[in-house]
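Hi everyone, thanks for coming. Let me put the model up on the screen, and then we can walk through it together.

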Amino acid sequence: MARSKLILFDLDGTLYLVGKLFPGVIELIEKLSRSDLQYGFLTNNSSIGPGDYYHKLKDLGLKLQPHNVVTSCEATCLMLRSLGLGPEIYILGTRKFRQYLASQGFRHSYARAKALLVGFDTELTYRKLTEATRLVLAGVPIVASHPDLICPGDLPDAGMLLEYFKAACPGTIIQAIAGKPHRWLVEMLEQRFQVRREEIIMVGDRVNTDMRFAWNFGMRSILVLNGQPQPELGENTPDLILPEIGQLTEQYWPLINSW
Ligand SMILES: [Mg+2]
């Protein structure tokens, strides 16, 4: 396999839970900042933008620069541009998601929407749901920032809304999804970090998004349990299964640096 140049960490359930970092994470990132391995923080959560995540991680005490943060928001913009959708989009998402998209040239519009973009809308209202439903019934293409059904904390996420729209109109297809485990995100990562997909190590706690992302694109994969029972793996196996993320700081440090 190719020599690894970038290690990516999922956030929720991997580096922290309900805003509290797991032991050893600050030391691990500090160590990475002094090593040859580039690192990135990768989240599918599109309820806040990459700038907000940068501040959130910095406030937790992690060493990082803005370019270390990658969210499904940036991958969403790449997807919309590549598919020629926009600039008017119906954005089913939070004010912060809409603001980020506006900063990248996409305007929220109901009357002129070229597509319905489904994000993690923690500010969902009946009015928004009605407008989006009418667009789906009118045949407007549906895209999403990410496919997660449930966000940690048992919160209904974007994938749940996709199921709703599929039920609204039989035969409805989701045209594209930006975040893990899909390709827009990997293309974005290759551009930003100047690496090839097989030079990436993906660390995460979810099989269907984090591990699937790694397996889909030939990356190395590390599944962390952080106190949770080991999930069903199916036919693929991660390169490493860690009971605790902190084990990367000392015990498995030589291993990830030899990959
Ligand atoms: Mg996670």
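Let me start with a question: leaving aside neighbours within four places in sequence, which residues is Y252 in contact with? They are L240 and Q247. By contact I mean that the C-beta atoms of two residues, placed from the backbone, lie within 7 Å.

Before going on, some housekeeping. This is a predicted model, where local features need pLDDT of at least 70 and side-chain atom pairs count only at pLDDT 80 or more, while totals for chains, interfaces and linings use all residues. Residues are numbered from 1 along each chain as its sequence is written.

Back to Y252, then. Y252 sits in the loop between β15 and α9; helices here are DSSP runs of H or I with at least four residues, strands are runs of E with at least two, and both are numbered from the N terminus. Y252 is partly exposed, because 14 other C-beta atoms lie within 10 Å. The cut-offs for that: 20 or more other C-beta atoms within 10 Å of a residue's own make it buried, 12 or fewer make it exposed, and in between it is partly exposed, with C-beta atoms placed from the backbone. Between the C-alpha atoms of Y252 and A158 there are 35 Å, and the two are 94 residues apart along the chain.

That loop, between β15 (240-242) and α9 (253-258), also holds L248. Is L248 buried or exposed? L248 is buried, because 25 other C-beta atoms lie within 10 Å. Not counting residues up to four places away in sequence, L248 touches L28, L242, W253 and I256.

With 12 other C-beta atoms within 10 Å, E250 is exposed. C-alpha to C-alpha, E250 and D154 are 32 Å apart in space, and they are 96 residues apart in sequence.

Now let's zoom out to the domains. The chain is divided into domain 1 (6-44 + 180-258) and domain 2 (73-177), with bounds that come from an automatic or database domain assignment. Taken over C-alpha atoms, the centres of domain 1 and domain 2 are 27 Å apart. How many residues of domain 1 are in contact with domain 2? Eleven residues of domain 1 are in contact with nine residues of domain 2. On the domain 1 side, α7 supplies the largest share, four residues. That side divides into four nonpolar, four polar and three charged residues. For those classes, Ala, Val, Leu, Ile, Met, Phe, Trp, Tyr, Cys and Pro count as nonpolar, Asp, Glu, Lys and Arg as charged, and the others, Gly among them, as polar.

Next, the core. The largest nonpolar core has 68 residues, and L8, I89, L116, L117, V118 and I201 touch the most other members. A nonpolar core is a set of buried Ala, Val, Leu, Ile, Met, Phe, Trp, Tyr and Cys residues joined through C-beta atoms within 7 Å. Helix α3 (residues 72-82) gives the most to this core, five residues. Both domain 1 and domain 2 give residues to this core, so it lies between them. As for L116, its contacts, not counting residues up to four places away in sequence, are Y90, L92, A132, L135, V136, V140 and I142.

Helix α3 also packs against helix α7 (residues 183-193), at an angle of about 100° and with the axes 9 Å apart. The axes are lines fitted to C-alpha atoms, for helices over the stretch in contact, and angles run from 0 to 180 degrees between N-to-C directions. So α3 is roughly perpendicular to α7; the class covers 65 to 115 degrees, while under 35 is roughly parallel, over 145 roughly antiparallel and the rest oblique. S72, E74, A75, L78 and M79 of α3 meet W184, L185, E187 and M188 of α7. Six of the contact residues are nonpolar, one is polar and two are charged.

Finally, some backbone details. G86 and P87 are joined by a cis peptide bond, omega about 0°, and P87 lies in the loop between α3 and β6 (88-92). The peptide bond from K180 to P181 is also cis, with omega near 5°.
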